[in-house]
Amino acid sequence: MGVDHHLAGEQKGGEAFFQYIAEELVNVMDETKPFKNETINVIGGGDSPWASYEGKSTAKSKSGKKWEHEFVYVMRFNLDGKISKIRAYFDTAHVNTHIEAHKQKQNGS
């Protein structure tokens with residue numbers, strides 16, 4: 001996610017990270033429709049402290065648009081096997097399209 005994107009930032013802890021991202025997206029996603037997360041690829045792990053996770057989520061937004069979003073998490077694990085650092089890479093244009101469509105629907109535009 002670009003540093004100039006309004007969802008860019010640094011959070012401490014996995015729960016804080018997911019809550020930060022989810023807060024914005026929960027407002028956009030239609031919770032009455034199915035939401036699916038799919039693992040595309042996992043690279044690394046094992047003996048390496050680094051791993052990446054490539055995923056895809058599909059859903060329906062509250063504006064009625066189809067949500068098909070691909071993303072990547074790059075993670076570093078500590079000696080206890082817990083995530084010590086995570087970077088999320090999202091398609092910010094895709095996310096913005098849905099956020100703006102939701103705002104327009106709210107405003108009756």
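This is a predicted model: local features need pLDDT of at least 70, side-chain atom pairs count only at pLDDT 80 or more; totals for chains, interfaces and linings use all residues.
Visitor: Where does helix α2 run, and how many residues has it?

Guide: Helix α2 covers residues 92-106, which is 15 residues. From first C-alpha to last, α2 reaches 21 Å, close to the 21 Å expected at 1.5 Å a residue. Just after α2, G108 takes a positive phi of about 75°.

Visitor: Which residues of α2 are buried?

Guide: The buried residues in α2 are H94, V95, H98, I99, A101 and H102.

Visitor: Why do the buried residues of α2 line one face of the helix?

Guide: The general idea comes from the helical repeat. An α-helix has 3.6 residues a turn, so residues three or four places apart point the same way. In this case, looking down the axis of α2, the buried residues fall within an arc of 160°, and therefore they line one face.

Visitor: Turning to H69, where does it sit, and is it buried or exposed?

Guide: H69 lies in strand β3, residues 66-77. Its relative accessible area is 2%, and a residue under 20% counts as buried.

Visitor: What does H69 touch, and what does its side chain reach?

Guide: Leaving aside residues up to four places away in sequence, H69 touches G55, K56, S57, F90, D91, H94 and V95. Among these contacts, H94 and V95 are also buried residues of α2. The side chain of H69 reaches the backbone nitrogen of D91 at 3.1 Å.

Visitor: Which residue pairs with K56, and which parts of the chain does the pair link?

Guide: K56 forms a salt bridge with E68, with the closest N and O atoms 3.9 Å apart. The pair links distant parts of the chain: E68 is in strand β3 and K56 in strand β2 (residues 50-60), 12 residues apart.

Visitor: Which side chain does K66 meet in a salt bridge, and how exposed are the two residues?

Guide: K66 meets E68, at 3.1 Å from N to O. K66 counts as exposed at 58% relative accessibility, whereas E68, at 38%, counts as partly exposed. Through shared partners, salt bridges join K56, K66 and E68 into one network.

Note on methods. Residues are numbered from 1 along each chain as its sequence is written. Side-chain values use heavy atoms; hydrogens and water are left out. Helices (H or I, at least four residues) and strands (E, at least two) are DSSP runs, numbered from the N terminus. The expected span of a helix is 1.5 Å times one less than its number of residues. Buried means under 20% relative accessible area, exposed over 50%, partly exposed in between (1.4 Å probe, protein chains only). The arc is that of the directions from the helix axis to the C-beta atoms. A polar contact is a pair of N or O atoms within 3.5 Å; within protein, one must be able to donate a hydrogen and the other to accept it, and residues adjacent in sequence count only if both atoms are side-chain atoms. Contact means heavy atoms within 4.5 Å. A salt bridge is a side-chain nitrogen of Lys or Arg within 4 Å of a carboxyl oxygen of Asp or Glu.
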